[in-house]
Amino acid sequence: MVKAENSSNVANGAGEPPRASAVLGRHVLQWHITHRCNLFCAHCYQDDRAAHTSVEALYETLDKYCRFLAKINCRGHIYLTGGEPLLHPAFFELAEEITRRGMAFSVLTNGTLIDPDIANRLALLHPAFIQVSLDGVGEVHDRVRGLYSFERALKGIDALTVMRIPVMVSFTAQKSNLRSFPELAKVCEEHGVRKLWWDRVVTDTPQSTEQLALTTRQFKRFLKQAERLRERYKRADGSSLISLERSLQCMDGDGCYTCHPGVDMVTVLADGTVMPCRRLPFTVGNIRDGELDELLFSDPTTQKLMQLPIPEECADCRFAETCRGGAKCVTYGQTGRLFVKDINCFYKANQNS
C-alpha cells in the first residue's frame, strides 16, 4: 500500500471542500479489528495476518469515529470485519459498546466460526445484518477459501437464520466461479438468506488479472445472467434475493451505484491505518496519530476521490452523474489509472437504453 498523496494520478482538487454533503446522512466505518483469520482465501488482499487491535486501541478508535460523526453530522454504521472478526477476544465487548452508543453495527465474516451459541449472543445485540462470504457451492467455494469451509459457513448461516438475524451473502465474481452462481442462488434461497450480492474481484498484478479477473465479455454475460436470476427470485413484496446495486450493474439492475471512497465510507485497519477504500491501495495515515477528519480531508488523493470526478470518456453517458466511471478499485488494480472509465464498461455513450 502507498500513501495517497504520493499517487501520480492526483490532479487538482487538493484543499477543495469534499463533495460529501450530497450523499452523507449515514456514514460507514469498515473496521478491520484483527487481521488474523482461520482461512487462507485465494483472492484475499490482506498481506499482514498478524495485526490485532488492542482493547485500548479499540476504544480510542471508537471515540475518534464518534467525534468524526459529530463533525460531519451523520449517523454511524460500523462494519466489524477482519481477518475474521470473531477471532478477536473483545469482539462482543466492542459490539456491545457500539450498541450502547446508539450506532448500528454489522459483521462481515467467513461464517465458519458461527455456531448456535455465537448466533444467540449476536441476536441479543441486534446487528443490522451479518454478511457471509460464499464464492460458490461446495468444492467451488472450497477451492477459493479452503477445504470444508463451505459446509461450515452454511452451518453458520443456518444458526443465524434460526435466530432471525438478517443474513446477506457476498460473492466475489472471478473466472473460476461464475458457473456456480445460479446454484449458489438456489442454496441461499433454501437457507433463508435475505440478499445475495456480488462484485468483481480486485487484482493488482498482471498474473492475478489473467488468472482471476473477468474480461468485459465475461462480465457482460454474467450481468445478464444475474438479471435473469433476479427476476426468478422475486418475492411477493417486489424485492429479490439477487441484488444488482454495485458498479456497472446499474445497466440492468436496481439503480446506478456511485463509488464513494472516503465520502460515505472509510476503512480502518487493525494496525490503525486509515484508507478511503479498502479495495484501493492508498493510505492517509494512522488513526492513532490524529483525528479522522484531519487525516481524510487533508489528503490530496482522498480530496480528489471525494469530488467524484466524471472521467472524460464518460461525459456523454446517461449514467455519468451517478456511475462516475464505475469501480475505481477494479480499474486501478488492472491499469494503475484512477480517474478513468471502468475497465469492464461495455455501455456505449450514444445508446438511448
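What volume does the largest cavity have? The answer is about 30 Å³. This is a predicted model. A search of the whole structure finds 12 aromatic pairs and 1 cavity of 30 Å³ or more. The count of disulfides comes to 0.

**The cavity**

- The lining of the largest cavity is made up of Pro309, Pro311, Arg324, Gly325, Lys328, Leu338, Phe339 and Val340.
- Sorted by class, this lining holds 5 nonpolar residues, 1 polar residue and 2 charged residues.

**Aromatic pairs around Phe222**

- The whole structure has 12 aromatic pairs.
- In one of them, the ring centres of Phe181 and Phe222 are 5.1 Å apart and the planes meet at 65°, so this pair is edge-to-face.
- Phe181 belongs to helix 6 (residues 181-190) and Phe222 to helix 8 (residues 216-232), so the pair ties together parts that are 41 residues apart in sequence.
- Phe181 has 0% relative accessibility and counts as buried.
- Phe222 is buried too, with a relative accessible area of 3%.
- Trp198 also pairs with Phe222: their ring centres are 4.7 Å apart and their planes stand at 80°, so this pair is edge-to-face.
- Trp198 sits in strand 7 (residues 195-200) and Phe222 in helix 8, so the pair links distant parts of the chain, 24 residues apart.
- Trp198, like Phe222, is buried.
- Ring pairs join these residues into a cluster with others: its members are Phe171, Phe181, Trp198, Phe219, Phe222 and Phe346.

**A charge over a ring**

- Arg121 places its charged end over the ring of Phe92.
- The distance from the charged end of Arg121 to the ring centre of Phe92 is 3.9 Å.

**Cysteines**

- A disulfide is a covalent bond between the sulfur atoms of two cysteines.
- The count of such bonds here is 0, going by a cut-off of 2.5 Å between the sulfur atoms.
- Is Cys66 buried or partly exposed? Cys66 has 24% relative accessibility and counts as partly exposed.
- Cys74 has a relative accessible area of 13%, so Cys74 is buried.
- The cut-off explains the two labels: buried means under 20% relative accessible area, and exposed means over 50%.

Terms used
Residues numbered from 1 in each chain as written. Predicted model: local features only at pLDDT ≥ 70, side-chain atom pairs only at ≥ 80, totals over all residues. Heavy atoms only, no water. Buried < 20%, exposed > 50% of the residue type's maximum accessible area, 1.4 Å probe, protein only. Phe/Tyr/Trp six-rings, centres within 6.5 Å; stacked < 30°, edge-to-face > 60°. Helix = DSSP H or I, 4+ residues; strand = E, 2+ residues; numbered from the N terminus. Lys NZ or Arg CZ within 6 Å of the ring centre and 35° of its normal. 1 Å grid on protein atoms, 1.4 Å probe; cavity = no way out; pocket = protein on both sides within 12 Å on 5 of 7 lines; lining within 4 Å. Points joined across faces, edges and corners; volume = space filled by probe spheres on them. Nonpolar A, V, L, I, M, F, W, Y, C, P; charged D, E, K, R; others polar.
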